[in-house]
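My entries follow in the order I looked things up.

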Amino acid sequence: MLIVILALLRCNTTDDWHIHGRWMDNNTVPLEYCTNETFSLIDVKTLTVQLDKYWSSCYEDNVMLWRNEWQKHGTCFNQTQVNYFNETLQYYYSDYWQGK
């Protein structure tokens, strides 16, 4: 059985939670690097304002984080890049992760 994980992160205790990534797990290990499709900022250009606000990095440039998350985990979802990032944002917006 596959589990979808929405990982959240705070840079410090006074910050809001934001997205670190979303990946699938088979109860043993996360699925990783399922294809060799590279990240394209052009493909997610319509989402960059939202991604900068809700999917930002504490440690590196945001684009580097998005590239890493797409190539490592997003390629396992059988979705386009824009759909992967948009769907992850929708999960975050839904407040489901907050138990609401």
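**Contacts and overall build**

I began with the contacts in the protein chain. Of those with a separation of 6 or more, 62% are between residues 24 or more positions apart. I keep in mind that this is a predicted model.

Next I went through the secondary structure. I find three helices and two strands in the protein chain. From the N terminus on, their order is β-β-α-α-α. The radius of gyration is 13 Å, close to the 13 Å from the globule rule for 100 residues, so the chain is as compact as a globular protein of that length.

I then took the box along the principal axes. The C-alpha atoms fill roughly 35 × 35 × 25 Å.

**Surface and burial**

I looked up the accessible surface of the protein chain. It comes to about 6200 Å², and 52% of that belongs to carbon and sulfur atoms. Buried residues make up 33% of the 100 residues.

**Helix α2**

Which residues of α2 are buried? In this helix, residues 62-72, I list Asn62, Leu65, Trp66, Glu69 and Trp70. They lie on the same side of α2, because they cover an arc of only 125° around the axis.

What do these buried residues pack against? I find three partners: β2 (18-25), α1 (48-54) and α3 (81-93).

Last, I checked the N-terminal end of α2. Asp61 caps it. One of its side-chain oxygens lies 3.0 Å from the backbone nitrogen of Val63.

Definitions and conventions:
Residues are numbered from 1 along each chain as its sequence is written. This is a predicted model: local features need pLDDT of at least 70, side-chain atom pairs count only at pLDDT 80 or more; totals for chains, interfaces and linings use all residues. Side-chain values use heavy atoms; hydrogens and water are left out. Buried means under 20% relative accessible area, exposed over 50%, partly exposed in between (1.4 Å probe, protein chains only). Helices (H or I, at least four residues) and strands (E, at least two) are DSSP runs, numbered from the N terminus. The arc is that of the directions from the helix axis to the C-beta atoms. Contact means heavy atoms within 4.5 Å. A polar contact is a pair of N or O atoms within 3.5 Å; within protein, one must be able to donate a hydrogen and the other to accept it, and residues adjacent in sequence count only if both atoms are side-chain atoms. The radius of gyration is taken over C-alpha atoms; the globule rule is 2.2 Å times the number of residues to the power 0.38. Accessible areas come from the Shrake-Rupley method with a 1.4 Å probe; for residues, only the protein chains shown count as cover.
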